[in-house]
Amino acid sequence: MNQFWKLVARDLRLAVREGGAVGTALGFFLVVVALMPLGLGPDLNLLSRIASGVLWIALLLAALLSLGRIFETDYDDGTLEVLATGALPLQAVTAAKALAHWLSTGIPLALLAPLLGILLNLDLKATPALVATMLAGTPAVSFLGSIGAALTLKARKGGLLLALVVLPLYVPTLIFGISAVSAVTFGTGAFQASFLILVAISLASVVIGPIAAAAALRLQLE
Amino acid sequence: MGIKVVHLIADQLVIMRGSRVIIDTLSFTVGGGEALVLAGANGAGKTTLLRALAGFLPAEHGAIRLDPNQDDTALRERMHVIGHTNGIKSSLTVRENILFWASYLSHDSSSDAMHRADHALDHFGLTTLQDFPAQYLSAGQKRRLGLARLLAAYRPVWLLDEPTVSLDTASAAQLAAAVNGHTQSGGIVIAATHMPLGLERARELRLTSAGPPQ
């Protein structure tokens with residue numbers, strides 16, 4: 001367990017030192033959301049109606065940008081092979097790396113979302129719900145994403161392939177994330193049900209993600 | 001860390017890459033305190049054999065085991081694997097790199113790990129560079145930092161794949177000293193190398209190509 005936290009701490013330290021991946025994801029999130037009003041015109045009612053959907057989709061795309069790096073740099077410099085010879089099972093290694101990805105990318109993206117919501121005239125009373133759903137939903141983004149990152153590790157220019165593998169897995173998170181926010185915006189009162197399902201999806205992916213990613217990595221290390 | 005005399009036994013190994021047999025029914029035993037040097041032309045299967053011993057590549061047939069394996073520790077936890085890459089992070093300093101491996105690869109307390117890490121840096125002449133980010137090191141210095149992992153955490157079996165790449169003669173001598181020290185204390189070393197290292201207690205195992213693709 002000690003080794004698990006050491007690995008998480010190392011990944012976080014690398015994320016801070018290298019900075020690029022997190023900064024790119026945040027910048028991409030900002031740019032995509034800022035383009036929306038330009039493309040759709042200044043109809044405030046329309047914007048506030050689609051705001052939660054736009055924010056969620058932009059968040060998924062921004063997270064996707066940084067997913068490839070979960071294992072890629074460690075694979076390229078040989079670190080992954082050495083990690084695999086540690087006392088920590090490979091499932092715990094992938095879990096640690098996905099957790100570090102969530103802490104370094106998922107949380108910053110979720111916290112940036114309310115600011116971007118202003119650009120889309122998101123109802124202010126929906127802002128806490130938006131942040132809550134994003135914090136609860138992004139673990140699924142990191143842990144399911146680690147499966148795709150492990151599968152496409154050796155595919156050169158695997159970025160597009162990664163998107164094809166991973167985006168369909170995000171559909172349930174997207175649906176329940178948006179429906180929880182809409183429940184608050186339109187006052188239908190179904191927030192709790194959607195939110196709990198969202199949490200359940202995240203918890204399930206925290207269990208499934210590391211196991212599947214470890215199996216994929218084992219093939220990549222042959 | 002206790003010094004235990006162990007044997008690494010490979011029994012009737014068959015290793016395939018796709019449909020191609022690379023290692024065909026190979027058996028050998030390496031005793032504690034021995035070094036086994038794998039020799040053979042390019043493509044003879046040296047790397048493949050080492051990766052199979054390290055557990056990355058499943059053997060088609062046969063078994064690899066440590067004898068006696070007292071505490072049932074997984075094989076991979078008893079081995080150091082030095083491959084073609086160094087396993088270092090360019091944005092961490094030399095010392096951070098080796099400290100991470102020292103504590104990740106062993107169950108030592110953090111003061112023991114720090115002590116071993118310092119010893120490892122000292123042995124490979126990296127002490128003066130310890131606060132530099134690893135990205136500013138030369139290729140040979142990076143290799144030495146990769147090799148320093150061997151001393152930073154104790155493991156009885158060392159698998160070395162072309163460990164001397166980009167090392168100068170003085171650094172190669174440091175490596176040979178580390179390897180000889182390891183075998184003297186009962187460890188096992190299996191190395192694939194083209195450069196004579198001046199190892200004591202070394203045997204040679206010559207691999208021949210298993211023939212054309214079938």
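B:Gln12 lies in strand 1 (residues 7-17) of chain B. Strands (E, at least two residues) and helices (H or I, at least four) are DSSP runs, numbered from the N terminus. In this predicted model, local features need pLDDT of at least 70, side-chain atom pairs count only at pLDDT 80 or more, and totals for chains, interfaces and linings use all residues. Residues are numbered from 1 along each chain as its sequence is written, while chains are lettered from A and ligands numbered from 1 in the order in which they are written.

The phi of B:Gln12 is positive, near 55 degrees, in a residue other than glycine. B:Gln12 is exposed, with 11 other C-beta atoms within 10 Å.

A:Asn121 is not a glycine either, yet has a positive phi of about 55 degrees. A:Asn121 sits in the loop between helix 6 and helix 7 of chain A. A:Asn121 counts as partly exposed because it has 18 C-beta neighbours inside 10 Å.

Helix 4 of chain A spans residues 69-76, and its buried residues are A:Arg69, A:Ile70, A:Phe71 and A:Asp74. These buried residues pack against helix 2 (20-40), helix 3 (44-67), helix 5 (79-84), helix 6 (90-119), helix 7 (127-151) and helix 10 (191-220) of chain A. Just after helix 4, A:Gly78 adopts a positive phi of about 85 degrees.

Between the chains, 18 residues of chain A are in contact with 20 residues of chain B. Contact requires C-beta atoms, placed from the backbone, within 7 Å. On the chain A side, helix 1 (2-18) and helix 5 each supply at least two residues. Helix 1 gives the largest share, seven residues. By class, this side has six nonpolar, five polar and seven charged residues. Ala, Val, Leu, Ile, Met, Phe, Trp, Tyr, Cys and Pro count as nonpolar, Asp, Glu, Lys and Arg as charged, and the others, Gly among them, as polar.

The largest nonpolar core has 132 residues. Such a core is a set of buried Ala, Val, Leu, Ile, Met, Phe, Trp, Tyr and Cys residues joined through C-beta atoms within 7 Å. Its residues with the most contacts inside it are A:Leu55, A:Leu59, B:Ile98, B:Ala148, B:Leu159 and B:Ile190. Helix 6 of chain A contributes the largest share of this core, 13 residues. Leaving aside neighbours within four places in sequence, B:Ile98 is in contact with B:Ala117, B:Ala120, B:Leu121, B:Leu145, B:Ala148 and B:Ala152.

Methods: Buried ≥ 20, exposed ≤ 12 C-beta atoms within 10 Å, placed from the backbone. Contact = placed C-beta atoms within 7 Å.
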